[in-house]
Amino acid sequence: MRNFVSIYDIDNLQQAVKEALEVKKTPFAWDTLGKNKTMLLVFFDSSLRTRLSTQKAAMNLGMNTMVLDVNQGAWKLETERGVIMDGDKSEHILEAIPVMASYCDIIGVRSFARFDNREADYNEVVLNQFIKYSGKPVVSMEAATRHPLQSFADLITIEEHKKTAKPKVVLTWAPHPRVLPQAVPNSFAEWMNATAYDFVITHPEGYELAPEFVGKAKVEYNQRKAFEGADFIYAKNWSAYFGDSYGKILSKDRSWTVDAEKMALTNNAYFMHCLPVRRNMIVTDEVIEGPQSIVIKEAANREVSAQTVIKRILESQPA
Ligand code: CP
């Protein structure tokens, strides 16, 4: 594996899950693989889980790790080429990327959608510049359109908990006070569509995701109907994708909050969320604290997905 920016960087998903479960069982079995190698994690946006789990994963493999929070202590970076840099940004990403790359062997990048321009976001301008100008393997730690380390952890978690070969998995929109990207639901949909699961997406009208991510999923606008018989409920907020509404909040309707009454419609479904979660907006205290909530196990699997990905990249590098 050279880069990890989407599901398309994994050739055999079943094999990858099998490998991840091995990594989970024996995390220190490859503790010299990354000896004398360094992973740099570059954050343009905040993080708790990704920051810690990716560092831990790299350390399990014997790597050194460095973390750069671009907006805290580093020079402010300009990301657009051709701009006259007479504002507050002191350094261009076109110099910063090769400089950062000269200090490391693998680069992790987190850069969310900016919502100024849908085309720029969906062309992954920042992530692709890292791939083009670093000369090093790049791992997406959530980009504008996808969060593949999260989706891989989600898949591992479902595989560990599923009781049938073809569980019903429901991705449900839920309300949130702030504008959030589509990266997590896009990516989750992409990974679920690559399985044999019965995959349903439910959201209010106007929150349709980009068709290339919806794929073969069934879209159901009636949340209660979608929940019927579900084995897994995956809650997430996202902002609108289509037209002039791109990056806008169309609804904060709390009748979409996941609560115990709606969970009772399911097949005793497990509750999932990538975290951080706004309690009593996305999900009630009762559900997230209940016995079917697997959000902590899901977050713990972020270390497993990251370690599997970094291991594969290290194994692909020349000795
Ligand atoms: N789920 C996730 O990526 O969490 P962080 O934003 O805290 O890294």
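Colleague: Which side chain does R312 meet in a salt bridge, and what is the N to O distance?

Modeller: R312 meets the side chain of E19, at 2.9 Å from N to O. A salt bridge here is a side-chain nitrogen of Lys or Arg within 4 Å of a carboxyl oxygen of Asp or Glu. Side chains of opposite charge can pair when their charged atoms come close. The whole structure holds 17 salt bridges by this rule. Helices are DSSP runs of H or I with at least four residues, strands are runs of E with at least two, and both are numbered from the N terminus.

First, the ground rules. The model is predicted, so local features need pLDDT of at least 70 and side-chain atom pairs need 80 or more, while totals for chains, interfaces and linings use all residues. Residues are numbered from 1 along each chain as its sequence is written, and side-chain values use heavy atoms, with hydrogens and water left out.

Now the two domains. Domain 1 covers 7-146 + 302-316, and domain 2 covers 148-299; the bounds come from an automatic or database domain assignment. Their C-alpha centres are 25 Å apart. Domain 1 puts 32 residues into the contact and domain 2 puts in 34, where contact means heavy atoms within 4.5 Å. About 2700 Å² is buried between them, with 68% of that from carbon and sulfur atoms. Buried area is the accessible area (1.4 Å probe) that two parts lose on being put together, summed over both.

The domains share 2 salt bridges. K24 bonds in this way with E160, with the closest N and O atoms 2.9 Å apart.

Which elements build the domain 1 side? Helix 1 (13-25), helix 2 (49-60), helix 4 (118-122), strand 6 (138-140) and helix 12 (295-316) each supply at least two residues. Helix 12 gives the most, 7 residues. By class, that side has 18 nonpolar, 6 polar and 8 charged residues. Ala, Val, Leu, Ile, Met, Phe, Trp, Tyr, Cys and Pro count as nonpolar, Asp, Glu, Lys and Arg as charged, and the others, Gly among them, as polar.

Finally, two backbone details. L275 and P276 are joined by a cis peptide bond, with omega about 0°. P276 is in the loop between strand 11 (270-272) and helix 11 (285-288). F115 is not a glycine, yet its phi is positive, about 70°. F115 lies in the loop between strand 5 (106-110) and helix 4.
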